Amino acid sequence: MMQVRAEEDVLLVIDVQNDFCPGGALAVADGDAVVPVINRLARQFAHLVLTQDWHPAGHSSFASQHPAAAPFQNIAMPYGPQTLWPDHCVQGTPGATFHPGLVADRAELIIRKGFRREIDSYSAFFENDLTTPTGLAGYLRERGLERLFLVGLATDFCVHYSAMDARRLGFEAIVVDAGCRAIDLAGSLAAAHAQWAEAGVQRIADLA
Ligand code: VGL
Ligand code: ZN
């Protein structure tokens with residue numbers, strides 16, 4: 001069983017926002033089921049960091065900005081391939097706020113991402129050009145936080161990209177399955193699991 005270490009472990013809670021929960025603009029099936037799990041896990045950690053998908057209206061990842069395209073289609077952007085999404089997590093809207101059941105008061109940092117109109121950001125560490133940093137790596141290093149437990153939405157997008165970048169940056173990364181739900185577009189969940197195995201992202205069912 002994995003023991004949480006108060007000094008160097010952090011629970012990284014990815015995008016537990018209304019738009020990713022049932023009834024939201026980009027609802028993940030059963031997405032709100034992560035909330036009680038994450039609240040329970042959070043009590044075991046001394047350090048809690050949240051991310052918040054935070055797009056300006058008219059963000060370039062929105063299918064509505066590409067008249068010839070439809071949501072969930074892939075297109076080529078100047079920085080690389082990009083999936084197009086329904087409009088979601090628009091800054092200041094109810095859909096962009098955290099799920100009301102999420103106990104977030106003890107969060108020490110909230111990283112907002114995807115706030116530049118012309119580029120998306122799945123990862124908590126880098127935008128989708130894979131090079132523009134959010135600042136999270138520096139924050140974690142300065143605070144001596146070396147091991148990340150990841151939970152949230154969606155497993156195969158923002159949790160996945162965050163975990164992969166964490167490994168690339170030399171952090172330990174452990175995804176806690178019970179606290180995640182996936183979108184699963186065209187095999188994206190299985191592809192994520194395969195990449196985790198290659199990159200040394202650990203995967204555990206739960207933290208009892
Ligand atoms: C996410 C698609 C678009 C996520 C965010 O949080 O996984 N997915 N924006
Ligand atoms: Zn988004």
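I began with Cys158, which counts as buried because its relative accessibility is 7%; buried means under 20% relative accessible area, with a 1.4 Å probe and protein chains only. The model is a predicted one, in which local features need pLDDT of at least 70 and side-chain atom pairs count only at pLDDT 80 or more, while totals for chains, interfaces and linings use all residues. Residues are numbered from 1 along each chain as its sequence is written, chains are lettered from A and ligands numbered from 1 in the order in which they are written, and side-chain values use heavy atoms, with hydrogens and water left out.

Next I looked up Cys180, which also counts as buried, at 5% relative accessibility. My search of the whole structure found 0 disulfides (pairs of cysteine sulfur atoms within 2.5 Å).

A cavity here is a set of points, on a 1 Å grid over the protein atoms alone, where a 1.4 Å probe fits but cannot get out, and lining residues have an atom within 4 Å of a point. The largest cavity holds about 110 Å³ of space, the volume being that filled by probe spheres set on the points, which are joined across faces, edges and corners. Its lining has 14 residues, and Phe20, Leu26, Tyr122, Phe157 and Cys158 are the closest to the centre.

Last I looked at ligand 1, whose surrounding residues include Asp15, Asp53, Trp85, His88 and Cys158, each with a heavy atom within 4 Å of the ligand. A nitrogen atom of ligand 1 lies 3.1 Å from an N or O atom in the side chain of His88. Oxygen atoms of the ligand lie 3.0 Å from a polar backbone atom of Ala154 and 3.1 Å from one of Cys158. Taken alone, ligand 1 exposes 250 Å², and the protein buries 100% of that (Shrake-Rupley method, 1.4 Å probe).

How values were computed
Buried means under 20% relative accessible area, exposed over 50%, partly exposed in between (1.4 Å probe, protein chains only). On a 1 Å grid over the protein atoms alone, a cavity is a set of points where a 1.4 Å probe fits but cannot get out, and a pocket is an open set with protein on both sides within 12 Å along at least five of seven lines; lining residues have an atom within 4 Å of a point. A polar contact is a pair of N or O atoms within 3.5 Å; within protein, one must be able to donate a hydrogen and the other to accept it, and residues adjacent in sequence count only if both atoms are side-chain atoms.
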